Amino acid sequence: MSGLSFKRHRFPGSVICQAVRWYFRFTLSIRDVEELMAERGVEVSREAIRCWVNKFGPMIAANIRRIRNRPTGRWHLDEAVVRIRGRRMYLWRAVDDEGEVLDVLVQKRRNKHAALKLLRRLLRNTGVHPEAIVTDKLASYCAAMKVLNLQGRHHPGGMRENNRAENSHLVIRRRERKQQRFKSQGSAQRFLSSHGPIYNVFNLQPHLISRSGLRVLRGQAETAWSAATQGA
């Protein structure tokens, strides 16, 4: 795991990491983060915060991926339409059965090649051989599964069977509206690649656990964040 270096930055690492955390953790714009910083006596420009997010967000996300436990072997895959500069693109998303975001991929097509790209990334990056892969009834998934010899683990179904993946899009939709749509395919991919791992750390689902259990999970989340931002 790589430590973060804050050399030649005017603000200390703790301030920078706090701004990055707010931006990815909550549905906030760069302007919102600037206002929150100002309320705490930290005068920093929106451009500086944007640079912090672009520079340190991917580093923190990469560190989180290294220290997180491996996901489960039950995966849910889904794709959603997004408009980027008036052009229709597809947001391919994979989560496990506990709601852990495995990967997010912005692609121009919704075909066999796009499904293959997502599945190969998942197999390479997670290090897990899936027990079951639940998808909708898109034919591209079936074609991709045959290439990878995973058709025995593939379970195509409707929205009810794949509700886990369908619900996982809601967070991204809120961010998309807050940012007044994504500006380009590259910027959308950079944001989503960092957002997923950071979202996983703080996705505690408090409605499913007791208050004592929530305190334990919050403590674990803080520990994981501190480890991922070491050097701050």
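Author: One criterion is needed at the outset: a residue is called buried if its relative accessible area is under 20%, and exposed if that area is over 50%. Please note that the model is a predicted one.

Reader: Why is Phe24 counted as buried?

Author: The relative accessibility of Phe24 is 2%. The limit for a buried residue is under 20%, and Phe24 therefore counts as buried.

Reader: What makes α1 mostly covered?

Author: Of the 13 residues of α1, 10 are buried. Among them are Val15, Ile16, Trp22, Tyr23 and Phe24.

Reader: How does the reach of helix α1 compare with the span expected at 1.5 Å a residue?

Author: Helix α1 covers residues 13-25 and reaches 18 Å from its first C-alpha to its last. The expected span is 1.5 Å times one less than the number of residues, which gives 18 Å for α1, and the reach is close to that value.

Reader: How many aromatic pairs does a search of the whole structure find, and why is the pair of Phe24 and Phe191 called stacked?

Author: The search finds eight aromatic pairs. In the pair of Phe24 and Phe191, the ring centres are 5.7 Å apart and the planes stand at 20 degrees. Pairing requires centres within 6.5 Å, and planes under 30 degrees apart count as stacked; the pair is therefore stacked.

Reader: What parts does this pair of Phe24 and Phe191 tie together?

Author: Phe24 belongs to helix α1 and Phe191 to helix α7 (residues 185-202), so the pair ties together parts that are 167 residues apart in sequence. Phe191 has a relative accessible area of 7% and is therefore buried.

Reader: What makes the aromatic pair of Phe182 and Phe191 tilted?

Author: The rings of Phe182 and Phe191 are 6.3 Å apart centre to centre, with 40 degrees between the planes. Stacked pairs lie under 30 degrees and edge-to-face pairs over 60, the rest being tilted; the pair of Phe182 and Phe191 is accordingly tilted. Both Phe182 and Phe191 are buried.

Reader: What makes the phi value of Arg8 worth noting, and that of Arg85?

Author: Phi of Arg8 is near 65 degrees, which is positive although the residue is not glycine. Arg85, likewise not a glycine, has a positive phi of about 55 degrees. Arg8 is placed in the segment before α1, and Arg85 in the loop between β1 (74-84) and β2 (87-96).

Reader: Are Arg8 and Arg85 buried or exposed?

Author: The relative accessible area is 84% for Arg8 and 72% for Arg85. The limit for an exposed residue is over 50%; Arg8 is therefore exposed, and so is Arg85.

Terms used: Residues numbered from 1 in each chain as written. Predicted model: local features only at pLDDT ≥ 70, side-chain atom pairs only at ≥ 80, totals over all residues. Heavy atoms only, no water. Helix = DSSP H or I, 4+ residues; strand = E, 2+ residues; numbered from the N terminus. Buried < 20%, exposed > 50% of the residue type's maximum accessible area, 1.4 Å probe, protein only. Phe/Tyr/Trp six-rings, centres within 6.5 Å; stacked < 30°, edge-to-face > 60°.
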